[in-house]
Amino acid sequence: MKKLMALLLAVGMTASIAGAQEVLSRNAVGYVKVDMEGSVAETRYYLLSMPFVSLDGSPFLLTEVFDAVPNNTILSLWDADTQSYDNYTRGARGAWLDDADTIELDPGIGVFVALPPGAPEFDVVLMGEVPDEDVSVARSTGFTLLGAQFPVETKLTNTVMATELPNNTIIS
């Protein structure tokens, strides 16, 4: 009888502990490592985007996301309002020029990375909270440079962007 009481007490305690658990976060933390390989004789270009949202809700700063890029690297972001690129350069001595340290990088916005000739091989690690739904990216008329919102291979026709764009829209 004592064994039965002990077993029932243990089952009851386990059930009450399991029922009292709280979920503190719905989403997982993720990362994407991008191998960047320079070239001895030519500029190398990469196109990246931040597929994650910040863990604490603060914006990602361009210079923090791309803190591993070598000197003389140029980061180019498309400005949909002016229909032109805004370029941000890491100078020859390692300091960021062009007020790059104030630029926020929103999830889904594309960034061209231009590595100078002679740049060493290095990694860029993009990390944050994996969004549990589509992240809203402001689009305007004219050209827009966007990246995938999730760090997984997805057919373009299966994206929300492709299904919501008006007819005759060109995606390159």
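This is a predicted model: local features need pLDDT of at least 70, side-chain atom pairs count only at pLDDT 80 or more; totals for chains, interfaces and linings use all residues.
Residues are numbered from 1 along each chain as its sequence is written, and side-chain values use heavy atoms, with hydrogens and water left out.

The protein has three helices and eight strands, where helices (H or I, at least four residues) and strands (E, at least two) are DSSP runs numbered from the N terminus. Along the sequence these elements follow the pattern α-β-β-β-α-β-β-β-β-β-α. Of the 172 residues, 31% are buried, a term that stands for under 20% relative accessible area, whereas exposed stands for over 50% and partly exposed for values in between (1.4 Å probe, protein chains only). Among contacts (heavy atoms within 4.5 Å) between residues at least 6 apart in sequence, 70% join residues at least 24 apart.

Four strands form an open sheet in the order β2-β7-β4-β5, with antiparallel pairing; two strands are taken to pair if DSSP finds at least two bridges between them. β2 (44-49) and β5 (84-89) stand at the edges with a single partner strand each, so one side of each has no neighbour in the sheet. From one strand to the next, the twist averages 25°, with axes given by lines fitted to C-alpha atoms and angles running from 0 to 180 degrees between N-to-C directions.

Within this sheet, β4 (residues 74-79) pairs with β5 in the antiparallel sense over six bridges, and Ser 76 stands opposite Asn 87 in β5. The two strands form a hairpin with four residues between them, and Gln 83 in the turn has a positive phi of about 55°. β4 also pairs with β7 (residues 110-115), again in the antiparallel sense, over four bridges, and here Leu 75 stands opposite Val 113. In a regular strand, side chains alternate between the two faces of the sheet.

Thr 63 belongs to helix α2 (residues 62-65). Thr 63 is buried because its relative accessible area is 12%, and, leaving aside neighbours within four places in sequence, Thr 63 is in contact with Trp 96, Ala 100 and Asp 101. The C-alpha atoms of Thr 63 and Leu 105 are separated by 9.2 Å, although the two residues lie 42 residues apart along the chain.

Met 127, by contrast, lies in strand β8 (residues 122-129) and counts as exposed because its relative accessibility is 51%.
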